[in-house]
Structure formats: C-alpha cells, structure tokens
Protein chains: 2
Amino acid sequence: MENDLFDFATANRIIFGKGKLELLSDIIQGLGRHVIVVKGKSFPDPKRLYEILETSGIERTEYIVSTEPNLEMLIEAVSIARQAKCDFVIGFGGGAPIDAGKAIAALINNKGDILNYLEVVGKGMPLGNPSKPYIAIPTTSGTGSEVTRNAVISILDKRVKVSMRDAYLLPSVALIDPELTVSVPPHITASTGMDAFTQVIEPYLTKNTNPLVDMFCREAIPRAAKSLYKAYKNGSDMNARVDMSFVSLLGGLSLANAKLGAVHGLAGPIGGMFHAPHGVICAALLPAVMVVNAELIASADNTEQKVARFKDIARWVTGDSSATIHAGVDWIANLAAKMKIPGLAKLGISPSDFPEIIKKSRRSSSMKGNPVLLTENQMHRILEMSL
Amino acid sequence: MENDLFDFATANRIIFGKGKLELLSDIIQGLGRHVIVVKGKSFPDPKRLYEILETSGIERTEYIVSTEPNLEMLIEAVSIARQAKCDFVIGFGGGAPIDAGKAIAALINNKGDILNYLEVVGKGMPLGNPSKPYIAIPTTSGTGSEVTRNAVISILDKRVKVSMRDAYLLPSVALIDPELTVSVPPHITASTGMDAFTQVIEPYLTKNTNPLVDMFCREAIPRAAKSLYKAYKNGSDMNARVDMSFVSLLGGLSLANAKLGAVHGLAGPIGGMFHAPHGVICAALLPAVMVVNAELIASADNTEQKVARFKDIARWVTGDSSATIHAGVDWIANLAAKMKIPGLAKLGISPSDFPEIIKKSRRSSSMKGNPVLLTENQMHRILEMSL
C-alpha cells in the first residue's frame, strides 16, 4: 500500500436503511424527556418523526433553521434549549440543520463565548465537556455531515465560514433512512448529489490517500455515476435514492478522514462571501476543477499514479474499461449540464470577485489536498469556466 | 441494492499504520496513572511499549494471558487490576489477550458475578457501566477483535465458549501497527491469516448481506489472496504485513456487522470442546466448507446471486476474470495446503466427536448465516474432509 496510514473515527452508531426512522423509538430510550428538534423549514414533513416522539412520551421544542448555521442562530437556539431543559438533540434535514444540531448539542454543555470554540475567528479551543446526545437524521443526500466531527458556521459580519471541530461533535447516532429523501425536489437532488459526488472524487485524487478512504471512494463513485441522474429524473426511484444516501454517507466518512482538493478549497471562501448553499457551489465548481487538474496531471512528470486514479474514475463513471481521462471528465461535466446545475454567476459572483476568492482559498486546508499545485491563473480559469 | 440495511458501530477511534505505536504517548494522555497491560506470553517483545509507558510516567501492572480467556483468568485479572487501582487497560497481543483485555476493562467497572454478563451459560445482562478506557493493540493479523463488541470466553468445566457482548466492549482506541506483526512465526501467520481470510469470505457469502460489509469484503479478499502467502513465506515483507493487518481489521468490521457461516458455526463448538486456537480451527475448516457450499449452490435453484458471489471470489483470488467457482475453491484449498495448515485430527478430533460438534453447531447463530442449509450428512462430510 502506497500510503498506509489512517486515523479513523465516526458516529458511535450508524443505522442505514429504508424505513429505519421507525427505530427512533428504541434509539431515544433513556436519553431523557425533552428534545430539541433542529430542522429545515420545508421538506420533508416531520409528521412521522413527531408521532414517534409523542408515542414515546417525549416533549419537544422545535427550532427551524432556514439558512446555513451562523453565530446568532446558535446563540438563540442554545438559549432556547437550555431554558427548555432539553436532554438531547435531534437534527432533521439537509446539511444546515444537521450541522446546526451538532453545534447546539455541543454548546448546551459547553458554556462561555461560542467564539472560544471556533477556528480562524476564535480560539479554536477543544470542547471541555461531551455534547448532549445527538441523533442526526439527514433528509438530503449531500454533506454526509451525520458522520463527521465538524460543523461549518458562518460569521456573517466577516463574510467567512469557519469550522467548529472536535471529537465530541461526532453524532451519537447517524440514522439514515433513504425514504426521507424521496420528497427532495430535482434541483436540490442535483446540487446535494453533486456535493456528495465531489466528496468521494476529491479524496480519491488527493495527495495523501489512504486505503480506508480509497475503499469508500471506489465503492461510492460508481454508485453515484449510476444513480444520481436517476434520482434527479425520478425522485421516487427508491434504488437510486438508497444508492445516493449511501454515497453521501461514504462521502462523509471520506471527508472526515482525508484532505480534499480545489473544489472545496474554492467553495469554502465562496460560501463565506456569498449567500449560497455549499452543495450548489461545489456542483458548479467540480467539472472545471476536474478539467484543469486532469490537464495539468497529463502534462506533468511523475504523475503516473495520479493519472491511474483519474483513469479509474473515467472507467467507473463511463462504464467503459478503456475510457480516457478526458472522457471521464466530459461525462461528469455532461451530468452537471443535464441536471441544469446553475453556474457561479447565478449566485451573484462575477470576475471582479475572483481575486478575493483566490486569495482566501490559499489559506484553506482543502486546497493543500489538491493533486497539483494550482497557480493563480489556473484558479482564475477554473472560476471563469464555472460561471 | 438488494439488502440495504445495516447498523454499524466500531471502536471510537481506529489508528492504522506502520510505526504508529509511537502515537501511544499521545493517546494515553489524561487516561490516568496506572495501566494494566494484558499480553500474550511470547512475541512480540513489549520493550518499546513499556518504554513509552515509562517515558509518560505511567505505572504498569502486567497480566500474562497464555490461553484464550476463561472465567478463572478474568476473575484473577480483574481482582489484580482493582487492587492496583488501574485507570485504564492496554491489550497487546493476538486475539486472546485482546479479548481478555476487553473483558477486563469492562469487569473492573461492573461488579458482581461475571456470569451475569455472559450469554448461554449466564444471564446475558447488559453492562450497566461503561468500561475503563481500553486501548487494543493487536500483534497478529487475525481476529479483528480490536474493533468488535464481543469477547469470547471459555467455560472450561462445561466445555463451551460463550460471548460477552455489549456496546461498552468496543475498544476506545484500536491501534494497529503492522510492524508489530513482523515477528509472528510462519505457522501462526498461516492460521491467524486464514482466520482473517474466513472473516471476509463468510460475510460476503452469507444470507443477509449488506452494502457496507460487502464493501469491506470486496476490498479485503483480493488483498488477502495477494499477501497472505507472502507474509507466511517472508515475515519481513512489510507490504504483505500491512495488507494482512488491513484484512484483519476489515474482517473485524465485517464480523461485527454481519452473520457468518458454517466455518464459524462449527468452529465455535470445536473451540469449546478442544483446546485449540480459534484461528487454527477456522483455517482447517474453510476449504471444506467452501467446497461443500459451492457444490450445493451450483446444484440448487434460485441461487443466481449466490453463484455470482462465489464467482466474484474465484476471480479475485485467482486473478483470472473467467475463473470458475471450482477454480476459486481449489485456489483457497491449495493456499491452506501450501501453508501446511494442520487438520482437525492434529487438534485431537476424531470422527467419534462429530455428532456432538454437529449437535452443538445447530444452536450457533453463525450457522444460520451459512448461504445454504446444511444437513447432518453434509456437516459430517465437511468435518471429515477437514481432518
């Protein structure tokens, strides 16, 4: 094995399967009497979730998250949860409520200024106390945040996103029921799906690979290629939804245990500067990043192993055992086009923003994972292609 | 996905890589002042382990495990650990000391009769209190016990082996350093390696598969086929040792999350009745079980999917994309023969023992995972072929 090292940790328990939401009544046994449910504002209907809580005699406080988590939101939610004496936390929704729930579960038990626990803008201190028990129930197939140890938080006045990162942020239970993703509309299936796809492509191409993450990516890339478009075209295609939930989970497991690359290196700063979901940004960037990376790798020296990995991806996505790198990248760009992934321009980004994005991305740890070092010109080109 | 359900849990943290033993000084920070080290009686030399403990100012009590764990041993070790006021536990060795350490870490914090916590012979009660922090450092590539939630314990007077099984038995840290396996002698590399091999073959062929375990098996089977014989022939072949450590880990992850089959269904009762390591028994049984299962599956109806899985294994082990099931099974039997795996007769088993073994195996949960239902005659034939 070329790189034989890894250091792996994940949610205490991962439960996966169609209809598994029903297990919630067992899972919450003994966790206490009052829960705060952190959820998105629209789909899916939390009816069944709430029935299970009621049947179990659990009181509930609901906290609605309508954007990605930010400081003000967390302060408010934690204060509500403490006042209601919540014993445990459920996150129910896409990446935003799952991340928010993670931070809220931690902050209920860790007093003082939230900034103490934030990277970059704060002190990045470790959490002193374990979180409240946290059950993450994702209802989109995207971030895989249900199995990671960080929560991304927007600092609105500074136009940046930063991470709270700690082993205590790992959810107690990740409960993944693909049935909950059936009502996700096509455009969100597309963007979240491309986010998940990115999270299994970048770790496979990164500089420091490891055998565990390689295994996750090898499993996930062909599944995403097979099922993302199907789930987009027909949201009720249960096999496709199951595949994408599994891809998302594997993306989270990969992400938590590997560096990423330029898609995430650029998406981080863009997400802080513009009000757009992380998945949409990643989806817009992925094809161009792959094109530019593939070109650079094909023309550079000593990249045999990287070339082989680009070829693996080309074979897996096209299903053609002799596919060229170019054919693989085309296939991915074509998938994004077919799903009408909006470009960065739709998010309000114009070329005048490129210098700031590029400058900020230089400090991102994801950028360091990119398989080749990108010049400013090359990043500029990626952003232009992604408009 | 045909079977889309799983419920996954493992050690809180899995650290893997050549030379990673050195991380122990970080891992033990804050765990306390006194450790009980549960270790095997011979290889490998614990010198470096003890140096790290000494440099970290940790006092140590050593407990040597010379056979697979039994009741008397656990009672003695727990009493020693309590008297020495041990704060945490390290298991260092093959499957026996790793399992013993697991049980000791649990029992220090859970008073009363050990039988309360044992299946079959006792009450099978859940552990009321979390275990002492437990760091599992395997030095053979076999059981994968460093990531499972059960410890196998012999009840000597009843000639049975039973499990203590609880989420609290999952080690806090699995620290897997393939360098520690270099001194394992060839015959033990062979038997432990065949145990690991069995643990990734049986879950792939079992009745109730799931996508996570399938992924582990698909990764592990080709690696074991590539590297087990190399590690047996040349114990210093570091790439082969790394592969086998990874296979063993994947076997543990598979085992903990899937049913097994007839190898384990027969090995359980045999292990209770005869004084032989689990790995040696599995190694002796694997070829015959595969032969008989493959014959039955080839001749039965509605087994297309099972046939496909036997063919997958045949392709992976032989490296020949058109290999027949028969060729795959032959390859595995031949591997066992080349490594001079002793037969069951060497363990003192004779045909007169078969009826009792077969009767006991009917009650084993592993046997229920076998891809086909075996008659008594068929089990008899397997045992005969394995003498």
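Directly after H10(B) comes Gly319(B), with a positive phi near 75°. Helices (H or I, at least four residues) and strands (E, at least two) are DSSP runs here, numbered from the N terminus. Please note that this is a predicted model, in which local features need pLDDT of at least 70 and side-chain atom pairs count only at pLDDT 80 or more, while totals for chains, interfaces and linings use all residues. Residues are numbered from 1 along each chain as its sequence is written, and chains are lettered from A and ligands numbered from 1 in the order in which they are written.

H10 itself covers residues 304-318 of chain B; its 15 residues reach 21 Å from first C-alpha to last, close to the 21 Å expected at 1.5 Å a residue. That expected span is 1.5 Å times one less than the number of residues. Among the buried residues of H10(B) are Phe310(B), Ile313(B), Trp316(B) and Val317(B), and also Lys306(B), Arg309(B) and Asp312(B). A residue is called buried if 20 or more other C-beta atoms lie within 10 Å of its own, exposed if 12 or fewer, and partly exposed in between, with C-beta atoms placed from the backbone. The buried residues of H10(B) pack against H5, H6, H9 (278-299) and H11 (325-338) of chain B. For contacts, the criterion is that C-beta atoms, placed from the backbone, lie within 7 Å.

Because 18 of its 20 residues are buried, H5(B) is largely enclosed by the rest of the structure.

**How the two chains meet**

How many residues of chain B are in contact with chain A? There are 21, and they meet 21 residues of chain A. S1 (6-8), S2 (13-16), H6 (211-233) and H7 (238-255) of chain B each supply at least two residues of that side. By class, the side comprises 12 nonpolar, three polar and six charged residues. Here Ala, Val, Leu, Ile, Met, Phe, Trp, Tyr, Cys and Pro count as nonpolar, Asp, Glu, Lys and Arg as charged, and the others, Gly among them, as polar.

S1 of chain A runs antiparallel to S2(B), joined by three bridges; strands pair if DSSP finds at least two bridges between them. In this pairing, Phe8(A) stands opposite Ile14(B).

Chain B superposes on chain A by a rotation of 180° with 0.0 Å of shift along the axis, at an RMSD of 0.0 Å. This is the relation of a two-fold axis. The superposition is by least squares on the C-alpha atoms of residues with pLDDT of at least 70 in both copies.

**Two buried loop residues**

Leu21(B) sits in the loop between S2 and H1 (24-27) of chain B. It counts as buried, with 20 C-beta neighbours inside 10 Å. Leaving aside neighbours within four places in sequence, Leu21(B) contacts Arg48(B), Leu49(B), Leu175(B), Asp177(B) and Leu180(B).

Lys132(B) belongs to the loop between H4 (95-108) and S6 (134-138) of chain B. With 22 other C-beta atoms within 10 Å, Lys132(B) is also buried. Its C-alpha atom is 6.6 Å from that of Asn109(B), 23 residues away along the chain.
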